[in-house]
Amino acid sequence: MGKVGILTEKPSAARNFAAALGGMTGTFDGTDYVIVNARGHLLGLKDPSAMVPAPLSERYKSWDLEHLPWNAADFRWEREVRRKVSGKKLITDPDAKSLLDELESTLSTCETICNAADLDPTGEGSLLGWEIVEYLGLEGKKLERMEFLDETPTSLRKAFSARRSVTSIKDEGDYRKADFRDKWDMLSMQFTRLATKVSNSGTVLRNGRLKSAMVVIVGDGLDAHKSYVKKPFYENRFRDENGVTYTDPDIDRFVDKGDVPGGLESSPVVHDGTTRKKTAPPKLMDLAGLSSLLSKKSFAAKDVLATYQRMYEAQVVSYPRTEDKFISEEQFNELLPLVDTIAAVVGVDPGVLSHRTPRKSHIKSGGAHGANRPGPNVPQSLADVAEKFGELGKEIYELLARNYLTMLAPDYEYDQHRGHVEKYPSLVGSLNVPAVLGWKGVFVAEDDEDEQDETTSGATALGTIAKPFVHEGFPTRPPHPTMGWLMKQLEKRSVGTGATRTSTYAEVTNNATGKALMIEQRGKITLSAIGELNHRILPGTHIGDLTITEQVFEQMAQVEAGTSAATEFLALVEDLVRHDLEKMKTNASRLPPELKERMAKAGVTRAAVENITLPPALHFTHGDAVVTTAKRVFCGHRFTDAEVAALLAGQIIEITAISPKSGKPFTCKGTLEAAVTEKGHPFVGFKPQFEERPPRTDLVSGVWKGKKVEFKGRGWGANAHWPGKDFTEQELAKLLAGETIEFEATSKDGKKYTAKGALAVSTHNGYKNFGFTLKFDDRAPRTKTRKRKATR
């Protein structure tokens, strides 16, 4: 049998395979193999305008509402090398391109290619591997899929021996599922264009299944929190001498305290019994839960992701992008010998970790990586973690480790005492008294939502006599949205996965460019001006409906099973967009004036572009595009009516404008001209015309230190002193040779001195200057040259 190329999702997986099989290349179980790895998605769908027939390209580039919705049948659905932002441009990622070249070089020599990417509920790993095979044109080779529960050596060796033959990539259900979701999300770009255009705010309103869900949940939560009215209610209750309260859930409540019935009298308490109850340790933490806890300490989600990734690469913590809520028995056994060491690092007494067998509530088969937990490389101390990964790294490790160690501690146990008021038996009370601290002695996470404590401070038993009182209560105020609260709302609605929710949250709260949808301060979330605008645009829309993800996931399941084709569901997006367009228009017409004022104060509202309507004779046709307008403003100058008339008549006019770089005014002449941008966009605009300057005769060119240079060497004036110095041919030759020269000069006050200097490069006000630099024994060197960037 020929060599098998094992394609893994990332470098760490490749290392784990190498450890299991005996190296990056070799022979295992009689089969020759070579291990290669991707680094996440190396490919992505092309821009919509690049996947449609050429006559439709301009339409799909446009954000104008008249060009929406798209027709999914127009798309060829092609992938290209991953792109990244460089400066203000989107370019092909050179690292991704280089890695793809390496993969092609190695895999093309293999007889069989085995997709060993992760298994996950969305099929993302399968797509990641197969899209590489397709892009490199290797689908004609023998294909296999390797499926493993986790990356322990035993699991990987079993998976290698049990490789499954793949007859066609298109027949792989998890590939079809992930491919469909990828295409659906690309089509969802239309919702961003809709919201941006109908809002007429001059800023992009980003929308998508998860982003829009976050905006809706947080916006609705803030509305509920702000609109809360604290209205008291009154009812009869009893309290015994130990502070235990007795209530009746069906008792009447009153708006006025004076309406509460009186006449109640003290009564003995009847003890109904005591029951020993247990609470199991909390479930293992996912990335969203971890980031939520850290947000209370003002650690941003994007920093948590970045630091966790560094710690993972050092194998100090487990894989960050896991969707798992449990770990496998093999993973449990892998960390078991390290438990005492981990406990010592985070200050937990190993003696309390007495439950060292797998718990069914935490240990299950399935999943590739297991829930988030400490890694195999245990640090020497928390101080060691802080030194390598900062204070955030220390916090991450302590939270993860303590959370993991809770499942090795006994259950928390408490005695629940129950009783009722003898004369009024419908009024009941209870008291929880801790008996065995168990896992609560290891770690208890702070919850965002208030929960009733299981104990009444200081009391160990019910009292004997209960006295009546009128209780004043208030409806519970809806909580102020926090990251933890938001993550729980998303989880309840099955919107996104823990890792995806965290990365998307990091994106929508990143205000580096002033375009964040949400603002986070110590875990509490408010909507930015842009986020608030988006929230008011979304009511009644499909993209703002929290069930949209559930619908997409149902469609994914059908595509995976082969009972429905992806094209059927992708075609439905057109109607969703058409519906949302009308809803957004209606919502935009009802935007409150104070919101527009807030947008303006936040600096995210741009003035509408003012255009000049061109007569038919000046229309510019380029391909299928026809340009019928021109901008009325050029570099801060707004053309007057008279200037517009002159321009439309083809005349040249003279204006004074402001340089966008220096902010200084300049005068120029110009006329209207048609042109095409570097990106192929046609336009008609004012074309300035500048008078040609006569060529300079005072500049000298030459080679200095192996580089071509140009500097002011002649024609400095007729004065005898240095600013008017005209270097001789001999002096110029010495200067270009790097030598120092001397000559007699006269200062501004008429005094004679000997000038001594050489050619040099200096920097002044951000500009590089190249020219002759004086050297003085008693004062700092001074360069006399025109302020300009050096020409080399």
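Reader: Which residues of α10 meet which residues of α15?

Author: In this predicted model, Ala301, Lys302 and Leu305 of α10 are in contact with Thr502, Ser503, Tyr505 and Ala506 of α15. Sorted by class, that contact between α10 and α15 comprises 4 nonpolar, 2 polar and 1 charged residues.

Reader: How are the axes of α10 and α15 arranged?

Author: The general idea is that a pair of packed helices is described by the distance between the axes and by the angle between them. Here the axes of α10 (residues 301-313) and α15 (residues 498-508) come within 8 Å and cross at roughly 130°. Angles over 145 degrees would count as roughly antiparallel, and the two helices are therefore oblique to each other.

Reader: Turning to α7, how many of its residues are buried, and what covers them?

Author: Helix α7, spanning residues 189-199, is mostly covered, with 9 of its 11 residues buried; among them are Phe191, Arg193, Leu194 and Val198. The cover over the buried residues of α7 includes α2 (57-61), α6 (173-187), α16 (529-537) and α18 (566-589). Just after α7, Asn200 adopts a positive phi of about 55°.

Reader: How many disulfides does the structure hold?

Author: A disulfide is a covalent bond that joins the sulfur atoms of two cysteines. The structure holds 0 disulfides; Cys110 is in none, and the nearest cysteine sulfur, that of Cys114, is 11 Å away.

Reader: Is Cys110 buried or exposed, and what of Cys114?

Author: Cys110 counts as buried because its relative accessibility is 2%, and Cys114 is buried too, with a relative accessible area of 0%.

How values were computed: Residues numbered from 1 in each chain as written. Predicted model: local features only at pLDDT ≥ 70, side-chain atom pairs only at ≥ 80, totals over all residues. Heavy atoms only, no water. Axes fitted to C-alpha atoms, helices over the stretch in contact; angles between N-to-C directions. Helix = DSSP H or I, 4+ residues; strand = E, 2+ residues; numbered from the N terminus. Parallel < 35°, antiparallel > 145°, perpendicular 65-115°, else oblique. Contact = heavy atoms within 4.5 Å. Nonpolar A, V, L, I, M, F, W, Y, C, P; charged D, E, K, R; others polar. Buried < 20%, exposed > 50% of the residue type's maximum accessible area, 1.4 Å probe, protein only. Disulfide = S-S within 2.5 Å.
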